[in-house]
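The following paragraphs go through one protein model, strand by strand and then along a helix. Please keep the sequence and the 3D view open while reading.

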Amino acid sequence: MIIETEIEDDGRWIAEIPDLPGILVYGVTQEEAIYKVKVLALRILAERLKHGEETPDLDELFNVADSFCLAEHVRLKCKKRFSAC
């Protein structure tokens, strides 16, 4: 999801996520506004999921590891670290 920011005339920063209408926050700094909009977005998405409501595609937010690939990665890492693994 893309976060858009801009600075107001009074120096406050606004951050919003266009893909999630209504999610808009203010911050003293750009970093604070980005942090706050991420927190709000996660809360809104969690509520939508909980209630079975529509959400945007979350594939970019969450990656699911294939269990075989993960096990193989751990095995190879272990083999390199401990020869008797």
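**From the sheet to the helix**

A15 stands opposite V25 in β3. The model that shows this pair is predicted, so local features need pLDDT of at least 70 and side-chain atom pairs count only at pLDDT 80 or more, while totals for chains, interfaces and linings use all residues. Residues are numbered from 1 along each chain as its sequence is written, and side-chain values use heavy atoms, with hydrogens and water left out.

The protein has two helices and three strands; helices (H or I, at least four residues) and strands (E, at least two) are DSSP runs, numbered from the N terminus. Along the sequence they follow the pattern β-β-β-α-α.

The three strands make an open sheet in the order β1-β2-β3, with antiparallel pairing. Two strands pair if DSSP finds at least two bridges between them. β1 (4-7) and β3 (24-27) are the edge strands, each pairing on one side only. From one strand to the next the twist averages 20°. Strands of a sheet pair through backbone hydrogen bonds, either parallel or antiparallel.

Take the pairing of β1 and β2 next. Four bridges join β1 to β2 (residues 13-16), and the two run antiparallel. E4 stands opposite E16 in β2, and the bridge partner of I7 in β2 is W13. The two strands form a hairpin with five residues between them, and G11 in the turn has a positive phi of about 95°. On to the next pair: β2 and β3 are also antiparallel and are joined by four bridges.

Helix α1 (residues 30-50) lies across β1, β2 and β3 and runs at about 150° to β3. For such angles, axes are lines fitted to C-alpha atoms, for helices over the stretch in contact, and angles run from 0 to 180 degrees between N-to-C directions. The length of α1 can be checked: at 1.5 Å a residue its 21 residues should span 30 Å, and its end C-alpha atoms are 30 Å apart, which agrees. The expected span is 1.5 Å times one less than the number of residues.

Which residues of α1 are buried? They are A33, V37, A41 and L45. These residues cover an arc of only 95° around the axis, which puts them on the same side of α1; the arc is that of the directions from the helix axis to the C-beta atoms. An α-helix has 3.6 residues a turn, so residues three or four places apart point the same way. Buried means under 20% relative accessible area, exposed over 50%, and partly exposed in between (1.4 Å probe, protein chains only). The cover over the buried residues of α1 includes β2 and β3, where contact means heavy atoms within 4.5 Å.

On the other side of α1, E31, Y35, R43 and K50 are exposed. K38, also in helix α1, is partly exposed because its relative accessible area is 47%. The C-alpha atoms of K38 and I17 are separated by 8.7 Å, although the two are 21 residues apart along the chain. Just after α1, G52 takes a positive phi of about 70°.

For the protein as a whole, buried residues make up 16% of the 85 residues. Of the contacts with a separation of 6 or more, 15% are between residues 24 or more positions apart.
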